[in-house]
Amino acid sequence: MTTVDPAAGKAVYEADRAHVFHSWSAQGLIAPLPVAGAEGSYFWDYEGNRYLDFASQLVNTNIGHQHPKVVAAIKEQADKLCMIQPAFANDARSEAARLIAEIAPGDLNRVFFTNGGAEANENAIRMARLHTGRQKVLATYRSYHGATANAIALTGDPRRWPNETGVSGIVHFWGPYAYRSPFYSADEAQETERALAHLENTIVFEGASTVAAIVLETVVGTAGILVPPPGYLAGVRALCDKYGIIFIADEVMAGFGRTGAWFAVDNWGVTPDLITFAKGVNSGYVPLGGVVISDRIYETFRERPFPGGLTYSGHPLACAAAVATINAMRDEKIVENAKWLGESVIGPELRALAERHPSVGEVRGLGVFWAVELVKNKETREPLVAYNAAGADAKPMNDFAAACKARGLWPFVNMNRTHVVPPCTSTEAEVKEGLAILDEALTVADAFTV
């Protein structure tokens, strides 16, 4: 139920400004919205303003806000056992690992738990390097893999720039992006062919015998919701097999129903050697991430200690939330709902919206994982704002986002895109409500076209 208590909201805001240091922010230039509560696809502030969460917070509340079965599981686990260190066996941890392995493809049968996605990628890299005895790791420019040392070095987007630490062995390459092809491709088939040729050349010229792993977001998330063209992931798998390289699929954002499949790789029938996950595994109700490990890599550490660990690896409260989340997603057919929404509602509605608005250059996605790319001109495809625009240069996108919020929609905006990423539990009516607001707000973006 929406709470109306402006005085409480003011107190929350003042305490935040007095003591909280926010991520990715100039501290004196932000005004965080005090949130009073949330349920399902909505959250609200203390003024009584209600927002449809078209961002799923940080694309992680896949099961929606305050799902009663997950909340109950956390409470039950808290009454039973709040914390036990990772060296012990725990029923919640074991069951979460079993369920995750059960839905993972191929022989990915073991799970190393972390606190989130960045740590998952850190440990996956460590596993790959120790398994292969090689040092280099390849990742794409359009990517985000986390904010810890190796994860931010892997990252391609501008958040890497001020965080360069001289971490050795990270090499970036261009992944496929048919709308803005770095390979000047004429179609998706050519994009696949040329992107794979570029990747193989990178491997060869870096020295294939020095490359431990290729890390890919199966569907690139924050950097554009870039869906790989047909044949690309299978081609990456083949290159990894050819050169003895470990294929790490970063499914931190794309996993657990977001693309209309348990894991995004399922959409292409490709099995990586390692899958990293977090976010949707329990909708972030309690921090949790991890690495799903193939039998082959597991054998490397059967009698050789794995030199990594975390105090909260497989935290009982987080794992209990994951168990409840996966079971609820199965029982309520939430993954199927995400797939249906993408195919029958979001995709068709966004394509129609693109026809109406001169600012919409392309829409792309699957499941509840879509991007609307905004442009100044459809013919030239010039972005509505420049890459990494800030301040006054970002005004068109800032005005668009403000128009969404004024109408009760909380968008996910990055550079010249708005991402349509509601919870996997969203109803058709909720999605159409959000798309109708998006339609209105895009008239603001249209005013900046030429």
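1. Thr140 touches Leu154, Gly156, His172, Phe173, Gly175, Val215 and Leu216, leaving aside residues up to four places away in sequence. Contact here means heavy atoms within 4.5 Å. This is a predicted model: local features need pLDDT of at least 70, side-chain atom pairs count only at pLDDT 80 or more, and totals for chains, interfaces and linings use all residues. Residues are numbered from 1 along each chain as its sequence is written, and side-chain values use heavy atoms, with hydrogens and water left out.

2. Where does Thr140 lie? In strand β5, residues 136-140. Strands (E, at least two residues) and helices (H or I, at least four) are DSSP runs, numbered from the N terminus. Thr140 is buried, at 7% relative accessible area. The classes are buried under 20%, exposed over 50% and partly exposed in between (1.4 Å probe, protein chains only). A polar atom of the Thr140 side chain lies 3.1 Å from the backbone oxygen of Arg142.

3. Now the helix pair. Two packed helices are described by the angle between their axes and the distance between the axes. Helix α3 (residues 68-80) and helix α10 (residues 316-331) have axes that come within 8 Å and cross at roughly 150°. Axes are lines fitted to C-alpha atoms, for helices over the stretch in contact; angles run from 0 to 180 degrees between N-to-C directions. The α3/α10 contact is made by Lys69, Val70, Ala73, Ile74, Gln77 and Ala78 of α3, and by Pro316, Leu317, Ala320, Ala321, Ala324, Thr325 and Ala328 of α10. By class, this contact has 10 nonpolar, 2 polar and 1 charged residues. The classes: Ala, Val, Leu, Ile, Met, Phe, Trp, Tyr, Cys and Pro are nonpolar; Asp, Glu, Lys and Arg are charged; the others, Gly among them, are polar.

4. How many disulfides are there? The count comes to 0, with a disulfide taken as a pair of cysteine sulfur atoms within 2.5 Å. Take Cys319: the closest cysteine sulfur, in Cys82, is 14 Å from its own sulfur, so the two are too far apart for a bond. Cys319 is buried at 0% relative accessibility. Cys404 is also buried, at 0%.

5. Check two backbone angles. Gln66, a residue other than glycine, has a positive phi near 55°. Gln66 sits in the loop between α2 (56-59) and α3 and is partly exposed, at 49% relative accessible area. Lys333, again not a glycine, has a positive phi near 55°. Lys333 is in the loop between α10 and α11 (334-356) and is exposed, at 51%.

Conventions. Polar contact = N/O pair within 3.5 Å; in protein donor to acceptor, adjacent residues only side chain to side chain.
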